[in-house]
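Please examine the structure shown here.

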Amino acid sequence: MTAAALLVVDIQNDFCPGGALAVEDGDAVVPGLNAAMRAADAVILTQDWHTACHSSFASQHPGKAPFSVVDMPYGPQVLWPNHCVGGSYGAAFHADLETERADLIIRKGIHRDVDSYSAFFENDRTTATGLDGYLRTRGITALTIAGLATDFCVAYSALDAARLGYAVTVDLKLSRAIDLDGSLAAAIERMSAAGVVFA
Ligand code: VGL
Ligand code: ZN
């Protein structure tokens with residue numbers, strides 16, 4: 001039985017240079033992630049996958065600018081440029097990512113009214129994606145997490161995984177951050193406090 005898995009977060013065109021929500025140097029992690037996938041027992045990819053009128057898009061909030069924060073029924077939410085609309089080029093994986101190595105691809109942010117940074121729970125912290133059930137059913141107890149962006153989808157996934165009882169390692173070399181107003185330092189601190197190990 002497999003006990004450890006690699007979770008590769010959001011290596012999509014919109015998070016790479018030239019994309020709608022480009023993470024600086026985002027594509028630089030692709031070769032290393034391919035090597036890590038080849039060595040892993042189990043591989044799960046995530047894909048940020050929004051409707052065209054997703055509530056996390058600033059375009060859906062008249063007068064609000066991208067990267068400002070609004071109060072949603074579930075709490076504060078950063079408003080983003082339109083990105084990762086399901087089926088679009090921006091939502092597709094980076095062409096060099098060896099996606100054929102994936103055992104499972106999980107899509108998140110699929111509901112219009114709630115964003116989802118974590119691969120486990122949407123931003124309301126209660127709506128599950130189903131990933132926990134998949135991992136448990138396969139007997140996976142340890143996770144290495146890497147990808148884009150370190151301070152949002154990687155960090156939220158790592159925090160949820162730790163809370164759910166997985167042994168979590170975040171590979172910072174194979175991750176890149178958006179770093180909005182100190183969000184990277186804050187994310188590292190929260191992950192450390194939750195017992196996440198860094199590689
Ligand atoms: C992400 C912001 C919005 C991420 C996704 O993958 O970190 N960040 N949607
Ligand atoms: Zn998103």
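The model is predicted: local features need pLDDT of at least 70, side-chain atom pairs count only at pLDDT 80 or more, and totals for chains, interfaces and linings use all residues. Residues are numbered from 1 along each chain as its sequence is written, chains are lettered from A and ligands numbered from 1 in the order in which they are written, and side-chain values use heavy atoms, with hydrogens and water left out.

Asp48 (OD), His50 (NE2) and His83 (NE2) coordinate the zinc ion (ligand 2) at 2.0 to 2.2 Å. Donors are N, O and S atoms within 2.8 Å of the metal (3.2 Å for Na, K and Ca); water is not among the atoms, so sites may look incomplete. Along the chain, the donors of this zinc ion follow the spacing D-x1-H-x32-H. His50 lies in the loop between β2 (43–48) and β3 (69–72), and His83 in the loop between β4 (75–78) and β5 (104–108), so that the pair, 33 residues apart, links distant parts of the chain; strands are DSSP runs (E, at least two residues), numbered from the N terminus.
|---|---|
| Cavities of 30 Å³ or more | 1 |
| Volume of the largest cavity | about 90 Å³ |
| Residues lining the largest cavity | 15 residues |

A cavity is a set of points on a 1 Å grid over the protein atoms alone where a 1.4 Å probe fits but cannot get out; lining residues have an atom within 4 Å of a point. Volume is the space filled by probe spheres set on the points, joined across faces, edges and corners.

Definitions and conventions:
Helices (H or I, at least four residues) and strands (E, at least two) are DSSP runs, numbered from the N terminus. On a 1 Å grid over the protein atoms alone, a cavity is a set of points where a 1.4 Å probe fits but cannot get out, and a pocket is an open set with protein on both sides within 12 Å along at least five of seven lines; lining residues have an atom within 4 Å of a point.
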